Amino acid sequence: MMDAMEFNKDDWLEEHLDNPFCRSLGPLPSFAQLHGQMLVQPKEGQDDRLLKPHLRRTAVLRLFRLMVPTVRQVELGERIHQAVRLGYQHRNPKDGHYRRSHHATASALRAFQTGATVDEATSLIFTDPDIVAPGITLVGGPGMGKTRSTNRIIRTLSQPVRPDIEEYVLQLPIVKAECPSRGGRAALCFGIASALDKALGTSYHAELEKGRVTGDHLMLRVQHLLNLHAVGLLIIDEIQHLQQSTEGIRPIMNFLVTLVNVLGIPVMLIGTNEAHEVIQSSFREARRAVGIAQPNWNSMQADEDWEAWLGDVWKYQYTRTPVELTNALCALVHELSQGVIDIAIKLYAMAQMRAITEGGDELLTEDLFRQVAEEELVCVAPMLEALRTGNLKALAQFPDLKPLSHHVADVLARATGQSLDRVEKIMAMRENMEGKTTSERDDPGENVKAYYVGEGHDVSFVSWAFSQATIELGDVAWMKIGLRMGEILASGEAPVQEMPAAPTSMPTVDAPARRTRDGSSSKARPKAKHPASGLLAIVDGADDPHAALKAAGVVTSPAAIIGTA
């Protein structure tokens, strides 16, 4: 093993150089070094343009091996390296932490085998109160390179090493397993054991299968194995599968939380946008999952990063006549692929194959890209259209494709008890307001009130709900005010005495006294009446309808506000 003194100390943090587990990994790679480790460059096409068509069509398949790391992919590599080393910080074998932890997990396993409960056994494991084990969550749409990027990164960290310590330890910096599609803890534990066997040449999986072993027993044994081999980071891919787990989400998440909180082993979760449901199942898991980073990988935007990425991909062109990447072609490929890396690569490859097959000059034109997209991307056309239009209802059919902003709309709808359609309209109102002049934006609350009046709520009730929401929430984003108003209006209750006079008559009734939670007497809040005709109830019979709307606190029609006028 290379002695630490052979390294340039300028490349090391003191806490890494002083930790045998970190020292065995070498110094932290720079951004440029990580980019080089992740880059996959097949042979470019300049020297192959005169080959026979069938050879060049086959050469196009080199594109599927190509990997041009984006900035966020390289940043992910840096965070993985950081997480591994930070996880080792409180497991430094020089301080005796590794030996104590190793003995503790072995003792917990023996105690369970002799009749202790899993909680009693786990309580025997040594816990450092200052333990820091960051988590990483990588969530995003399919085809964005999450799994492939991670695999490229961990290739440099997945080989077993022998740290410079007295104990005979074969250290495995990273273990990656896939979340079972339907099984529970047992299936996950067997998957982790198989990953250990593949890297170490061991037979843990076969040993675990001997006899009838419970899920609790398997978890304790896998915890011991991960601790025994000083695993620096456990990666669980396809975490959204937990939604179909036969045991539910909680048992497996508890297992992962134990690894982080008790053993100090960082955990990285990878999944599609559906995984948000799993990660946000409780605050504890969500807090741990954030760790040092929580990147959300959705489709690339049509910006400088996209232009740079596509420019690097464009070099791999095998048609007879080379075509330069123009701004128009760059924008068109983004439009047709919606910034999904996997689809963009496939579209570029299929366009080249089509051009070579048709012969002639084999030019890559805008018309050719459109034709290929229309004919070859049929199976994903509905999903791309949903991404292109941002239609929440359409995206709801493809939950793994929904960008984070649309996922937020789902969360808001569930949290407030309102329909997704209503939240969508409020968000559309916000976007509409962003395009208005400063004077029109001075009082965005008027637009919120107009929306709810247009939904059929009484003007007085809407005004009162707006006041209540403003009092409760104070100076916050007006969209939150609007959502809170929706909750208040949905309850159908408002104290008549606090409501301002309505511009149209509204009968009132005496409310019977009732007992509040603190025991004091108050009047029950009667249901407010909702006019069937919405705004028509305000302007009916008015000489100046616009003045009537303005007097009611409505500055424009709901249709104009939500962009449907």
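This is a predicted model: local features need pLDDT of at least 70, side-chain atom pairs count only at pLDDT 80 or more; totals for chains, interfaces and linings use all residues.
View A. Side-chain values use heavy atoms, with hydrogens and water left out. Beyond its neighbours within four places in sequence, L256 is in contact (heavy atoms within 4.5 Å) with L234, I236, V267 and L269.

**View B. The largest nonpolar core.** A nonpolar core is a set of buried Ala, Val, Leu, Ile, Met, Phe, Trp, Tyr and Cys residues joined through side-chain atoms within 4.5 Å; buried means under 20% relative accessible area, exposed over 50%, and partly exposed in between (1.4 Å probe, protein chains only). The largest such core has 43 residues, of which I192, L196, I236, L256 and L259 touch the most other members.

**View C. Helix 15 and helix 16.** Helices are DSSP runs of H or I with at least four residues, numbered from the N terminus. The axes of helix 15 (residues 304-313) and helix 16 (residues 327-337), lines fitted to C-alpha atoms over the stretch in contact, with angles from 0 to 180 degrees between N-to-C directions, come within 10 Å and cross at roughly 100°. The two helices are therefore roughly perpendicular (65 to 115 degrees) to each other. W306, E307 and L310 of helix 15 meet C330, V333, H334 and S337 of helix 16.

**View D. Surroundings of R148.** R148 lies in helix 8 (residues 146-154) and, at 34% relative accessibility, counts as partly exposed. Leaving out residues up to four places away in sequence, R148 touches V40, F64, R65, L66 and M67. A polar atom of the R148 side chain lies 2.8 Å from the backbone oxygen of L66.

Key. Residues are numbered from 1 along each chain as its sequence is written. Angles under 35 degrees count as roughly parallel, over 145 as roughly antiparallel, 65 to 115 as roughly perpendicular and the rest as oblique. A polar contact is a pair of N or O atoms within 3.5 Å; within protein, one must be able to donate a hydrogen and the other to accept it, and residues adjacent in sequence count only if both atoms are side-chain atoms.
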